[in-house]
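Good morning, and thank you for joining this meeting. Please have the sequence and the model open while I speak.

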Amino acid sequence: AGEHQLQPNAEWDRHYLHGDGWLNRWRCVAHSPTQLRLEYIHRQGVYLYTAQQVFTLSASGVEVELIVTNEGDSLPFGLGWHPYFPLSPGTRIQAHANGYWLEKEHWLTGAHQESLPQELDFNQPAPLPEHWVNNGFSGWDGAAAIQQPDLGYQLLMTTEPPAPCYFVFVSDPAFDKGYAFDFFCFEPMSHAPDDHHRPDFGQLTLLACGESMRQKMTLNIQSY
């Protein structure tokens, strides 16, 4: 019970950013020609947990599974990825949404909007704007298509359980010197942004000590 304060974890950001796994070493606990299992044990601050990532290759793509086990006090947990993809003039993405969150100062989540502007409506295959985008989208069914005709393939993403939200990130040369609109991020999330501050922790999962949650993402390639 009570309020917990998480300290900033990136030199260039005043907030606690993207959790812990991206800043720490993971150890290999098992591997084969088609599978890799990594583990990260977190024993500092408010959260005490063990996380595992399992990468499994198939003939058509890769499956990635995240598992987290709480080993401290009962706290809300969420899982997600921040994958980068090539961006070219022909790139199109399709992913269902029924609304999105505005971005406010310091890259924080703003008010939720129940209608999508045309340039951020990916319910049908659509190009990405050629300017800064950093927004979360609600009402997702956990499936997306990333069409790359210039590269000769389409990437199909599925999540299990179906992730309810996704983020789209496109940088901008004004922020990222040298950025040439050559990559973007499409980020599945098990919860909505800023759910730690919502009643009952929104879509986050409250885990007691010893309890686990998992999220799976599958990326399959189809040639044109």
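Predicted model: local features only at pLDDT ≥ 70, side-chain atom pairs only at ≥ 80, totals over all residues.

Let us start with Asp150, which is partly exposed at a relative accessible area of 49%. Here, buried means under 20% relative accessible area, exposed means over 50%, and partly exposed lies in between, with a 1.4 Å probe and protein chains only. Residues are numbered from 1 along each chain as its sequence is written, and side-chain values use heavy atoms, with hydrogens and water left out.

Where does Asp150 sit? Its place is the loop between strand E11 (143-148) and strand E12 (153-160). Helices (H or I, at least four residues) and strands (E, at least two) are DSSP runs, numbered from the N terminus. Leaving aside residues up to four places away in sequence, Asp150 touches Ser88, Pro89 and Gly90, where contact means heavy atoms within 4.5 Å. A polar atom of the Asp150 side chain lies 3.1 Å from the backbone nitrogen of Gly90. Asp150 and Leu87 are 63 residues apart in sequence, and their C-alpha atoms are 9.7 Å apart in space.

Compare this with Arg25, found in the segment before strand E1 (27-31). Is Arg25 buried or exposed? Arg25 counts as exposed, because its relative accessible area is 80%. Beyond residues up to four places away in sequence, Arg25 touches Glu39 and Tyr40. Arg25 and Ser74 are 49 residues apart in sequence and 25 Å apart from C-alpha to C-alpha.

I turn now to the chain as a whole. The protein chain has zero helices and 16 strands. Of its 224 residues, 43% count as buried. Its C-alpha atoms fill a box of roughly 50 × 45 × 35 Å along the principal axes. For 224 residues, a compact globule would have a radius of gyration near 17 Å, and the 18 Å of this chain agrees with that. That radius is taken over C-alpha atoms, and the globule rule is 2.2 Å times the number of residues to the power 0.38. Among contacts between residues at least 6 apart in sequence, 61% join residues at least 24 apart.

Next, the sheets. Strands of a sheet pair through backbone hydrogen bonds, either parallel or antiparallel. In this work, two strands pair if DSSP finds at least two bridges between them.

Eight strands form an open sheet in the order E1-E2-E3-E4-E16-E12-E11-E7, with antiparallel pairing. At its edges are E1 and strand E7 (92-95), each pairing on one side only. Within this sheet's strand list are E3 and E4; nine bridges join strand E3 (residues 48-57) to strand E4 (residues 61-70). Leu57 has Val62 as its bridge partner in E4.

An open sheet of six strands runs in the order E6-E14-E13-E10-E8-E9, and its pairing is antiparallel. Its edge strands are strand E6 (84-86) and strand E9 (108-113), each of which pairs on one side only. Two bridges join strand E8 (residues 99-104) to strand E10 (residues 133-138), which run antiparallel. In E10, Ser138 is the bridge partner of Gly99.

What lies in the interior? In soluble globular proteins, nonpolar side chains tend to be buried together. The largest nonpolar core has 42 residues, and those with the most contacts inside it are Phe122, Phe137, Tyr166, Val168, Phe184 and Phe186. A second, separate core of five residues includes Trp101, Phe167, Met189 and Ala192. A nonpolar core is a set of buried Ala, Val, Leu, Ile, Met, Phe, Trp, Tyr and Cys residues joined through side-chain atoms within 4.5 Å. Among the residues that Phe186 touches are Phe85, Ile93, Trp140 and Met157, not counting residues up to four places away in sequence.

I close with some backbone details. Most residues other than glycine have a negative phi, and most peptide bonds are trans. Asp200 has a positive phi of about 55 degrees although it is not a glycine. Asp200 is in the loop between strand E14 (183-189) and strand E15 (205-207), and at 73% relative accessibility it counts as exposed. Phe201 lies in the loop between E14 and E15; its phi is positive, near 65 degrees, and it is partly exposed at 31% relative accessibility. Finally, the peptide bond from Glu160 to Pro161 is cis, with omega near -5 degrees, and Pro161 is found in the loop between E12 and strand E13 (165-170).

Terms used. Polar contact = N/O pair within 3.5 Å; in protein donor to acceptor, adjacent residues only side chain to side chain.
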